[in-house]
Each structure stands twice: as structure tokens, then as C-alpha cells.
Amino acid sequence: WADIREAFHHCCAYCLRHESEVKTLTMDHLIPLSRGGTNDPDNIVPACRPCNSAKNDRTVLEYVCGLSPTRADKKACTF
């Protein structure tokens, strides 16, 4: 966990705020455990509590595209 936080420069993977600003970074699973994700380090990123709560049980792609898990195939995501 310390190595993952260091790799992200102690910032939230989503809003990029530093842990000194958000107080605590939580472990977030890019692919949620409830959706088949693992506890492997490559599936975990640091997230502030508001971002982690907002992402909920969505994959990272669903989260950044604003999709719900049940509508992921109904809406295209463009960057």
C-alpha cells in the first residue's frame, strides 16, 4: 500500500488532491471485488473518501464516463 501511494505521489488517482489536503487516502479497486476484481496491487489505487464513495461499485472506466454498472453498454464514452 505504501508503494502504491508513493507511485501516485500520495495523491488521489481521480481528483489528484494530495493526501495532506484530503487527510486520508483509501484503497480503491479499479475493478471492484464485487465485480470480479482482485486485491492484487495492479488493481488498487489511492482514492480520497469522496471519490471512492462516488465511484462505488463501478469500474474505473464506468466511473470516469459517468456510467452506472447496469448501463455501461448503453452509452458511449468519449474523451
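Me: Where is K23, and is it buried or exposed?
Reply: The model is a predicted one. K23 is found in the loop between α2 and β1. Its relative accessibility is 69%, and the cut-off for exposed is over 50%. K23 therefore counts as exposed.

Me: What is the phi of K23?
Reply: K23 is not a glycine.

Me: In what order do the secondary structure elements run?
Reply: The protein has four helices and two strands. Read from the N terminus on, the elements run α-α-β-β-α-α.

Me: What percentage of the residues count as buried?
Reply: Buried means under 20% relative accessible area. The protein has 79 residues, and the share of them that counts as buried is 37%.

Me: Which element gives the largest share of the largest nonpolar core?
Reply: This core has nine residues: C12, Y14, V22, L25, V45, A47, C48, C51 and Y63. The largest share is three residues, and they come from strand β2, residues 44-48.

Me: Which residues does A47 contact, leaving aside neighbours within four places in sequence?
Reply: A47 is a member of the largest nonpolar core. Leaving aside those neighbours, its contacts include two other residues named in that core list, C12 and Y14.

Me: Is C12 buried or exposed?
Reply: C12 is found in the loop between α1 and α2. Not counting residues up to four places away in sequence, C12 touches R17, L25, P46, A47, C48 and C51. Its relative accessibility is 1%, so C12 counts as buried.

Me: What distance separates the C-alpha atoms of C12 and R49?
Reply: C12 and R49 are 37 residues apart along the chain. Their C-alpha atoms are separated by 9.2 Å.

Me: How many disulfides does a search of the whole structure find, and how far is the nearest cysteine sulfur from that of C11?
Reply: The search finds zero disulfides. C11 is in no disulfide, and its nearest cysteine sulfur, that of C12, is 8.5 Å away.

Me: What is the geometry of the one aromatic pair?
Reply: The search of the whole structure finds one aromatic pair. Y14 and Y63 form it, at 5.2 Å centre to centre. Planes over 60 degrees apart count as edge-to-face. The angle here is 80 degrees, and the pair is edge-to-face.

Me: How many residues apart are Y14 and Y63?
Reply: Y14 counts as buried at 19% relative accessibility, and Y63 counts as buried at 18%. Y14 is in the loop between α1 and α2, while Y63 is in helix α4, residues 60-65. The pair links distant parts of the chain, 49 residues apart.

Me: Which residue has its backbone nitrogen 2.9 Å from a polar atom of the N43 side chain?
Reply: N43 lies in the loop between β1 and β2. N43 is buried, with a relative accessible area of 6%. Leaving aside neighbours within four places in sequence, N43 is in contact with D28, H29, L30, I31, G37 and T38. The backbone nitrogen at 2.9 Å belongs to I31.

Me: Is H29 buried or exposed?
Reply: H29 is placed in strand β1, residues 25-29. Leaving aside neighbours within four places in sequence, H29 is in contact with T38, N39, N43, I44 and K55. Its relative accessibility is 14%, so H29 counts as buried.

Notes: Residues numbered from 1 in each chain as written. Predicted model: local features only at pLDDT ≥ 70, side-chain atom pairs only at ≥ 80, totals over all residues. Heavy atoms only, no water. Buried < 20%, exposed > 50% of the residue type's maximum accessible area, 1.4 Å probe, protein only. Core = buried A, V, L, I, M, F, W, Y, C linked by side-chain atoms within 4.5 Å. Contact = heavy atoms within 4.5 Å. Phe/Tyr/Trp six-rings, centres within 6.5 Å; stacked < 30°, edge-to-face > 60°. Disulfide = S-S within 2.5 Å. Polar contact = N/O pair within 3.5 Å; in protein donor to acceptor, adjacent residues only side chain to side chain.
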